[in-house]
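Here is a short briefing to read alongside the structure. It goes from the contact between the chains to the domains, and then to the helices and sheets.

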Amino acid sequence: MFKKVLIANRGEIAVRIIRACRDMGISTVAVYSDADRRSLHVALADEAYHIGGSTPGESYLNKEKIIGAAKKSGAEAIHPGFGFLSENESFADMCEKSGIVFIGPSPEAIRLMGDKITARKIAHDVKVPLVPGSDGAVSDVEASVIAAEIGYPVMIKASAGGGGKGMRLVRGKDDFESSLRMARSEARSAFGDDSVFVERFIERPRHIEIQIIADSEGNTLYLFERECSIQRRHQKVIEEAPSSAISSRTRKKMGEVAVRIAKAVKYKGAGTIEFIMDQSQDFYFLEMNTRVQVEHPVTEMITGFDIVKWMIRIAAGEKLPFKQKNIVMKGHALECRVYAENPETNFLPSPGVIEYLRTPSGPGIRNDSSIYNGCEITSYYDPMLSKLIVWADSREAAIRKMESALREYIVLGVKTNIGFLIRVMNNDEFRKGKIDTGFIERHPELLKPPVLQIEPALIAAALSMSSAESAGQPAQKPASNWKLFGRRSGVSRSPLA
Amino acid sequence: MTYTFKIRDQIYKITLEKEDGQLQVEIEGRSIPVDFEKIEDDLYSVLIDGKSVSIGVFRKGKKVQVFIEGELYELEAVSEREQRKTSHIVSGIQEIKSPMPSRVVKILKGEGDEVAPDEGLIVVEAMKMESELKSPIAGKVKNVMVKEGDAVESGAVLLVVSSE
């Protein structure tokens, strides 16, 4: 096993990985940008190295600096977390060439799955169903021919895309040309590559993904599915495991398909195969994420399998000691991403200082976070404050637990989506599991509170004003009997008093 | 002690009095039984008519942030002087808007009625609390856009008052 691991990331995932390392007796090395000197991952790690300016390009994407820090500290391996360099083939390659273990798949697997068109081809070769569409990047003319062939509505997607950028839904032939132009220009500015492909648009799709884990000997297991259909601006907000929409037969089929894809690229480590599923449980391959996912905790909660620790063990050469039949799931887990953002202004980020923080706790509640009283949420990075995860024996019980946990949260200083998340938990369709990726757009009423708590707000504000006015003479608590005893004995100077 | 706050562009008055260690709260003329404990610098446990709420409060100058059950409220303390100042400047045509989704309980002034500054125009109800919306200026009621019992959206124009 490694003695020292560098974590090439920040925020809650860096904290999550540091904690896993500590549990395993591995010492940890953090790297940080100018903006992150006071961040929790720096405080928790055994060592920390400054790697540059606040923008990701100057620091967390700076491969040379990160490898330099690994060499300087003597770290034998680098865990990339998610985002930043986690799916960067050349970084994985540089690590390998510097004699540092990259905790993740091979550069080759990252390359194959990183390009969406290659990934689709691989999936197709191992007989994994794909959404009908173009076989690869298309010219403008080909695109419109294929769109007409597969039938509207169609989706235009950037080949190098992700996070909803360079993506356009086209309902009819008339809008095709302008949408194609916009998708290309978005793709060009976001990824430096304007190639796009076209595919059929699935009505009311559900986002279902399979977590897989594979060791270096090719033992590949699936850890069941996660459903991530509640999304805003094509980004996941609420995730759960298992999905309430699939039968155990579909679950097994999806799991086996995911394992086939992973084996096709000799995958090693933790990975996720994303599928889009229609209302009749027909599913199609979307893409593979060759890293740990933000929402990995819900899988950990229902399987008891520590994904981050196994990523490290596998990178160190350990073999998976179990078979597929040993992996069982129990109960239901939900995750809510708590963001510093304002749902009333289309989820605009709300950076600032956390002036006060109270976090939920209790049985079955896990709060993966890196924020604390007084920390600053800067606009350089993702405004995610925490991932609140709950486990209970049924979906219904998990929703109730999540709602009550969310109600325990108090965050002052920045706007958050907590109220919005509470309203989703109370939504009838959500409770019944009638969800799809259009859920939030279909429920704009969830974006703002139905009733304002004006009365309690006024009372609290007035109390704070009045307490500030009386702060001139702070209310003195009566001294405790111990203190009085101490004073008396001090004055009496008698050892026997 | 009376405090005036602005929340979402609406002005509210609240009075706090301590009598025999008991807190007396009056909001817009309605008295509310309240008990409170300060738990930490930024955290209050408040019992409003027996209902228990944990409320986070952060104050910076005149701005107060209040966090209640997942929602952050941003309030601004308005001094008497500022209130007077605004009521002097404000003239012309004033639209009286509903501060939140609510129900019209009572219309106090009809079209053509003369009104003085701070005179009640209409009573609306939201979250079981009635509030009286007052005229910011001296003038006449030009239009009444709603009738009693109407449900109105946040920001809906209820009445128009003109100083001419």
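Two residues count as being in contact if their C-beta atoms, placed from the backbone, lie within 7 Å. On that basis, 34 residues of chain A touch 41 residues of chain B. Please keep in mind that this is a predicted model.

**Where chain A meets chain B**

- The elements of chain A that each supply at least two residues to the side touching chain B are strand S18 (356-358), H12, strand S22 (410-412), H13 and helix H16 (454-469).
- H16(A) gives the largest share of that side, with 15 residues.
- Sorted by class, the side of chain A that touches chain B holds 22 nonpolar, seven polar and five charged residues.

**Domains of chain A**

**A helix pair in chain A**

- Helix H12 (residues 395-408) and helix H13 (residues 418-426) of chain A have axes that come within 9 Å and cross at roughly 155 degrees.
- Angles over 145 degrees count as roughly antiparallel, and H12(A) and H13(A) are therefore roughly antiparallel to each other.
- The crossing of H12(A) and H13(A) is left-handed.
- H12(A) brings Ile399(A), Met402(A), Glu403(A), Leu406(A) and Arg407(A) to the contact, while H13(A) brings Ile418(A), Leu421(A), Ile422(A), Met425(A) and Asn426(A).
- Seven nonpolar, one polar and two charged residues form this contact of H12(A) with H13(A).

**Domains of chain B**

- For chain B, the domain assignment gives domain 1 (2-77) and domain 2 (90-162).
- The centres of domain 1 of chain B and domain 2 of chain B, taken over C-alpha atoms, are separated by 25 Å.

**The barrel in chain B**

- Eight strands of chain B, in the order S1-S2-S3-S4-S5-S6-S7-S8, close into a barrel with antiparallel pairing.
- On average, and with direction ignored, neighbouring strands of this sheet are turned by 35 degrees against each other.
- Six bridges link strand S5 (residues 43-48) and strand S6 (residues 51-60) of chain B in the antiparallel sense.
- Leu43(B) has Gly56(B) in S6(B) as its bridge partner.

**The open sheet in chain B**

- Chain B also has an open sheet of four strands, with antiparallel pairing in the order S9-S16-S14-S11.
- Strand S9 (93-97) and strand S11 (114-115) of chain B stand at the edges with a single partner strand each, so one side of each is left without a neighbour in the sheet.
- S9(B) is joined to strand S16 (residues 157-162) of chain B by five bridges, and the two run antiparallel.
- Opposite Ile93(B) stands Ser162(B) in S16(B).

Note on methods:
Residues numbered from 1 in each chain as written. Chains lettered and ligands numbered in written order. Predicted model: local features only at pLDDT ≥ 70, side-chain atom pairs only at ≥ 80, totals over all residues. Domains from an automatic or database assignment. Pairing = 2+ DSSP bridges. Axes fitted to C-alpha atoms, helices over the stretch in contact; angles between N-to-C directions. Parallel < 35°, antiparallel > 145°, perpendicular 65-115°, else oblique. Left-handed = near helix turned anticlockwise from the far one by under 90°. Nonpolar A, V, L, I, M, F, W, Y, C, P; charged D, E, K, R; others polar.
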